[in-house]
Amino acid sequence: MVVGLGPGPAEWMTPEAGAAIKAASDVVGYGPYLDRLALRADQRTHRSDNRAELDRARLALKLAAEGRAVAVVSGGDPGVFAMAAAVFEAVEEDPRWLDLDIAVAPGVTAMQAAAARLGAPLGHDFCAISLSDNLKPWAMVERRLRAAAEGDFVIALYNPASRARPARIGEAFDLLRRIKGRSTPVAFARAVGRPDESLTLTTLGEADGKLADMATLVVVGSSETRFIARNGARPWMATPRAYGGGR
Ligand code: SAH
């Protein structure tokens, strides 16, 4: 079972995911995700760092082929920039793995959690782009950013920054500013659902890449996205259901 743990808090983990963890003899995943789970002493854990996804997928398939009940865990949804894709990338490598009983338990992905906190920024057409260029060339990221901006999508940016690539998010904002209006709403949603959660609202004209780190999801609005001011509280960020103000 490839299991999505959601963005952090237990309330954002599905009952199916919880049951899959309980039923597992072996839990495979990135160390910090395993630490979030209250595992029993009889459950074996297989920790890895967050880069070795394909090796982790192979290990999980190997254990499952030995008859173990394996849960491979991902934060958020396992199909969004995460382990489910790695498992299906590896599964064709050994003909015996094709006969395994593999299932995916979905999870709340970071962009849904962030959207819920912000209001309804994903209320109309949107897309998700990972800014990590570990697994694709940066030129591809730029091409997709340009296309998303020209298509006037709301854009959810995953993996906006890391220690190895602190400047990419700034480059992405520069590219988007050449196409989208400077008053476009932008949100930095950091560690959503965790004790150190923080939300920062700004505009594309003012957006500073330094506000993003590995735990941040950045939401860049469309031409229709707006902030709704409130008295004494953070504005809501919302994108109307109807395009062009018509209903
Ligand atoms: N499978 C995960 C995404 C993995 S990519 C999911 O569905 O959410 C890792 C990126 O997800 C991070 O760099 C960050 O952009 C985003 N992310 C994950 N958890 C987050 C959280 N609690 N708050 C904000 N962003 C988060």
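Modeller: Happy to! A residue is called buried when its relative accessible area is under 20%. One thing to keep in mind is that this is a predicted model.

Biologist: Okay, so is phenylalanine 173 buried or exposed?

Modeller: Phenylalanine 173 is buried, because its relative accessible area is 0%, and the cut-off is under 20%.

Biologist: And what about phenylalanine 188, buried or exposed?

Modeller: Phenylalanine 188 is buried too, with a relative accessible area of 2%.

Biologist: How many aromatic pairs are there?

Modeller: The count is three aromatic pairs. One of them joins phenylalanine 173 and phenylalanine 188 edge-to-face, with 5.9 Å centre to centre and 75° between the planes.

Biologist: Where do those two sit in the chain?

Modeller: Phenylalanine 173 is in helix 7 (residues 168–177) and phenylalanine 188 is in strand 9 (residues 185–190), so the pair links distant parts of the chain, 15 residues apart.

Biologist: Back to helix 7. At what angle do the axes of helix 6 and helix 7 cross?

Modeller: Roughly 35°, and the axes of helix 6 (residues 138–150) and helix 7 come within 10 Å. The crossing is right-handed.

Biologist: Which residues meet there?

Modeller: From helix 6, Trp138, Glu142, Leu145, Arg146 and Ala149 meet Arg168, Glu171, Ala172, Leu175 and Leu176 of helix 7. That contact divides into six nonpolar residues, no polar ones and four charged.

Biologist: Changing topic: what does the charged end of arginine 230 sit over?

Modeller: The ring of tryptophan 236, with the charged end of arginine 230 lying 3.8 Å from the ring's centre.

Key. Residues numbered from 1 in each chain as written. Predicted model: local features only at pLDDT ≥ 70, side-chain atom pairs only at ≥ 80, totals over all residues. Heavy atoms only, no water. Phe/Tyr/Trp six-rings, centres within 6.5 Å; stacked < 30°, edge-to-face > 60°. Helix = DSSP H or I, 4+ residues; strand = E, 2+ residues; numbered from the N terminus. Buried < 20%, exposed > 50% of the residue type's maximum accessible area, 1.4 Å probe, protein only. Lys NZ or Arg CZ within 6 Å of the ring centre and 35° of its normal. Axes fitted to C-alpha atoms, helices over the stretch in contact; angles between N-to-C directions. Left-handed = near helix turned anticlockwise from the far one by under 90°. Contact = heavy atoms within 4.5 Å. Nonpolar A, V, L, I, M, F, W, Y, C, P; charged D, E, K, R; others polar.
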